[in-house]
Amino acid sequence: MAKDSDSRPGLTRRDVITSAGVLAGGLALGGCKYGTQAYLASKVPPAQPRPEWADARVHAYRPLGSTGFRISDISFGSAELDNAEIVRSAVERGINYFDTSPDYSNAKSERAIGEGISGTPRDQLFLASKFCTPNGHLPDRVAVKDAIRAVEDSLLRIGTDYLDLVHIHAVNSIERLMAPNIHEAFDRLQEAGKVRFLGVSSHTPDLEMVMRHAVDSDRFHVIMVAYNYDYWPGIGEIFHDAHEKGVGVVAMKTLKGAFHNKLDDFSDTEQEAFSQAALKWVLSNRDVSGLVISINRPDQVNEYLMASGRPFEASDQALLERYDALAGSLYCRPGCGACLSSCPNQVPVDDVLRWRMYSENYGRHEEASNRFAALDPRRSTDGCVGCSAPCADACPHGLPVQERLLGASRILRGRA
Ligand code: SF4
Ligand code: SF4
């Protein structure tokens with residue numbers, strides 16, 4: 001059965017194995033000064049590469065809308081990246097699309113991408129970044145000159161003359177999607193040859209509304225959308241229309257929470273096969289141009305590229321259904337938001353649970369805890385203590401919302 005780490009009586013088999021390794025590693029490094037570090041290291045999903053995955057490479061490329069570029073079906077997401085060698089390995093294996101952002105790893109991700117692609121002809125790569133600074137997303141009303149400078153700073157960090165694509169990131173409203181200053185900044189940057197295409201990314205409750213408007217607006221060349229197995233009932237039609245209009249479709253958040261290494265009832269074989277099954281499901285939709293998945297460990301290049309160009313099979317379907325049965329009540333669906341209006345304190349439940357997931361399942365604790373710390377105190381999870389939790393009744397997916405939030409608070413404050 002699925003286990004919520006708030007309530008589980010013990011660690012999973014892999015946590016135990018990994019914890020032992022971490023303790024040994026921590027001692028070799030002089031020991032962890034803070035308990036938080038030991039906790040975090042024990043929570044990072046372990047690498048269990050199979051020998052047959054070695055040297056996996058890209059086997060399929062698909063057109064990215066009408067950009068004229070064919071991207072690797074499995075492409076490179078770079079949250080928490082700070083290692084150029086991983087980028088170099090990805091290029092050697094055929095990955096040609098790299099998604100980064102100034103606020104990934106406090107700008108180290110863009111620098112690692114720049115270093116890792118050096119020596120590769122620029123026109124063989126497709127580089128995407130975001131209208132952001134290392135401190136976070138640009139506000140809707142940012143001055144045009146500041147939006148331009150943000151992209152120019154990205155160019156300097158990456159060491160390139162142009163971006164292929166710049167996203168308006170984490171869009172949760174039409175106002176943000178069509179913010180005139182950001183569009184003017186894009187037009188000027190495009191005119192100056194500093195960016196080629198405009199994109200939009202979203203993983204919010206209003207995702208379908210935002211993406212429908214983006215596709216219909218004829219302003220966007222690419223949409224990047226949270227998309228995973230058995231979710232987003234209305235998104236298929238939007239993808240189809242995007243495909244018909246020549247708008248590229250890039251999927252993200254494809255592992256549906258990446259709880260697979262934390263499920264006690266998932267066998268080692270199932271844990272190892274899960275990510276490839278999830279990626280193959282995404283790519284079985286031919287309206288999807290490709291997907292980006294965060295790669296910040298060398299073994300992940302092998303693991304994920306094993307799914308490239310491969311068909312989605314009945315055994316994959318069975319595995320995804322089993323994952324859903326085990327992890328369904330742990331995973332806060334991006335874009336759901338059904339509980340938000342029930343909370344008297346306007347706690348951003350979906351954001352907080354996404355940050356928890358970043359910390360627990362993706363090894364992105366620093367970023368997640370920084371975001372949590374920046375939360376408006378009036379909307380913090382402190383009010384969850386002693387609350388009657390109408391949010392839990394409002395969740396159609398059966399999440400123990402209050403318990404998950406209180407656990408998130410402990411984890412993101414480093415008190416777990
Ligand atoms: S437990 Fe109460 S305060 Fe916390 S999110 Fe739910 S409704 Fe809001
Ligand atoms: S906790 Fe449940 S209702 Fe709230 S956003 Fe997540 S999945 Fe939706």
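# Two ligand shells and their surrounding fold

Around ligand 2, the shell is made up of 10 nonpolar, 2 polar and 2 charged residues (Ala, Val, Leu, Ile, Met, Phe, Trp, Tyr, Cys and Pro count as nonpolar, Asp, Glu, Lys and Arg as charged, and the others, Gly among them, as polar). This is a predicted model, in which local features need pLDDT of at least 70 and side-chain atom pairs count only at pLDDT 80 or more, while totals for chains, interfaces and linings use all residues. Residues are numbered from 1 along each chain as its sequence is written, and chains are lettered from A and ligands numbered from 1 in the order in which they are written.

**Confidence and overall make-up**

- The chain has a mean pLDDT of 87, with 88% of its residues at 70 or more; pLDDT is the predictor's confidence in each residue, from 0 to 100.
- For residues 1-44 the pLDDT falls below 50, and this stretch has 46 contacts in the model beyond near neighbours in sequence (two residues are in contact if their C-beta atoms, placed from the backbone, lie within 7 Å).
- The chain contains 16 helices and 12 strands, where helices (H or I, at least four residues) and strands (E, at least two) are DSSP runs, numbered from the N terminus.
- Of the 416 residues in the chain, 47% are buried; a residue is buried if 20 or more other C-beta atoms lie within 10 Å of its own, exposed if 12 or fewer, and partly exposed in between, with C-beta atoms placed from the backbone.

**The ligand shells**

- Ligand 2 has 14 residues around it, of which Cys-332, Cys-336, Ala-338, Cys-339 and Cys-395 come nearest; a residue is near a molecule or strand if its C-beta atom, placed from the backbone, lies within 6 Å of it.
- Helix α13 (residues 349-362) provides the largest share of the shell around ligand 2, namely 3 residues.
- Ligand 1 is likewise surrounded by 14 residues, and the closest of them are Cys-343, Val-347, Cys-384, Cys-387 and Cys-391.
- Two or more residues of the shell around ligand 1 come from each of α15 (390-394) and α16 (401-412), and α16 gives the most, with 3 residues.
- The shell around ligand 1 holds 10 nonpolar and 4 polar residues but no charged ones.

**Helix α16 and Val-401**

- Helix α16 has 12 residues and spans 16 Å from its first C-alpha to its last, close to the 16 Å expected at 1.5 Å a residue (the expected span of a helix is 1.5 Å times one less than its number of residues).
- The buried residues of α16 are Val-401, Gln-402, Arg-404, Leu-405, Gly-407, Ala-408, Ile-411 and Leu-412, and their cover includes α13, α14 (365-373) and α15.
- Val-401, which lies in α16, counts as buried because 25 other C-beta atoms are found within 10 Å.
- Leaving aside residues up to four places away in sequence, Val-401 touches Cys-339, Val-349, Ala-389, Cys-391, Ala-392 and Cys-395.
- Just after α16, Gly-414 adopts a positive phi of about 75°.

**Helix α5 and strand β5**

- Helix α5 (residues 144-158) has 15 residues and reaches 22 Å between its first and last C-alpha, close to the 21 Å expected at 1.5 Å a residue.
- In α5, the buried residues are Ala-147, Ile-148, Ala-150, Val-151, Ser-154, Arg-157 and Ile-158, and β5 (126-130) and α7 (180-191) are among the elements that cover them.
- Arg-149, which also lies in α5, counts as partly exposed because it has 14 C-beta neighbours inside 10 Å.
- Strand β5 is largely enclosed by the rest of the structure, because 5 of its 5 residues are buried; Phe-126, Ala-128 and Lys-130 lie on one side, and Leu-127 and Ser-129 on the other.
- Strand β4 (residues 97-99) pairs with β5 in the parallel sense over 3 bridges, and Phe-98 stands opposite Leu-127; two strands pair if DSSP finds at least two bridges between them.

**Backbone exceptions in loops**

- Most residues other than glycine have a negative phi.
- Asp-55, although not a glycine, has a positive phi of about 65°; Asp-55 sits in the loop between α2 (35-43) and β1 (61-63) and counts as exposed, with 10 C-beta neighbours inside 10 Å.
- Glu-80 is not a glycine either and has a positive phi of about 65°; its place is the loop between β3 (74-77) and α3 (84-92), where Glu-80 counts as buried, with 22 C-beta neighbours inside 10 Å.
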